[in-house]
Amino acid sequence: MFPDGGAPMLSQTDPEFTERFDNFAFDEVINGGAPEGEEPLDNRTRFMAILATLLGCQGVDQFRVMLGAALDMGVKPVEAKEIVYQAVAYLGIGRVFPFFDVTNEVFAARAIALPLENQATTEPEFASRVAAGEQAQVDIFGEGMKGFAASGNPEYPQINRWLAANCFGDYYTRGGLGLREREMITYCYLAAQGGVEPQLIAHAKANMRIGNSKAFLLKVASACLPFIGYPRTLNAIRCIETASAD
């Protein structure tokens, strides 16, 4: 998993802890993260979820290690970049900026030429991004999202316009990842940062609406548990249960 020698040096300074953690995170969680009779997550999906989770919980040092592993487990460079880019809409550039440096350093060490091929599908003009973003919202959340950009509280009407044009028009319309993958990583960003349960419930519903089943989301939550701990994982599972009951 760590061919670049990127595994933490804890195996030398804290061997007992490392043995227990590795046995749990990289054996029990991988092999026991799905109910009996169900297939576990494939490696590519699992590592995409882990990368998004590490962004959400600000695990920049672990992100460096796991990015190398993710590339070896089938995550493409463009997919890894898209996971970083989309995180800005949910975490803000202040929290995501260090991950740009780490990603570029890992890519450089592997001779992955930068910049990667452009993935934008919208024009820079605001109207173009609003229209494309609102269509993405409809595709994900349903017909009730039509006219979303023009709705909202008149005291801050810009927020819904920005959500349509920027969050969805600038990110969800890009190539590199499909809508189901983008909703899955959004669920991971939200679950990992905590304190955003209303948004997490809404995106759990959206995931299930576009084909990421309850069982799938539960496997994603299980895969990310070693990186965010039990309280946030249990909160994330509760949000899945709430979303599936509506």
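**View 1. The lining of the largest cavity sorts into eight nonpolar, two polar and no charged residues.** Here Ala, Val, Leu, Ile, Met, Phe, Trp, Tyr, Cys and Pro count as nonpolar, Asp, Glu, Lys and Arg as charged, and the others, Gly among them, as polar. This is a predicted model, in which local features need pLDDT of at least 70, side-chain atom pairs count only at pLDDT 80 or more, and totals for chains, interfaces and linings use all residues. Residues are numbered from 1 along each chain as its sequence is written, and side-chain values use heavy atoms, with hydrogens and water left out.

View 2. A cavity is a set of points on a 1 Å grid over the protein atoms alone where a 1.4 Å probe fits but cannot get out, and lining residues have an atom within 4 Å of a point. Its volume is the space filled by probe spheres set on the points, which are joined across faces, edges and corners. Among the lining residues are Thr53, Tyr187, Cys188, Val220, Cys224 and Thr233. α11 (214-245) and α9 (179-193) each supply at least two lining residues, and α11 gives the most, with six. Helices are DSSP runs (H or I, at least four residues) numbered from the N terminus.

**View 3. The second largest cavity has a volume of about 40 Å³.** Two or more lining residues come from each of α2 (15-32), α3 (43-56) and α11, with α2 giving the most, four. The lining includes Phe26, Ile30, Arg46, Ile50 and Phe227. By class, eight are nonpolar, none polar and one charged.

Definitions and conventions
On a 1 Å grid over the protein atoms alone, a cavity is a set of points where a 1.4 Å probe fits but cannot get out, and a pocket is an open set with protein on both sides within 12 Å along at least five of seven lines; lining residues have an atom within 4 Å of a point.
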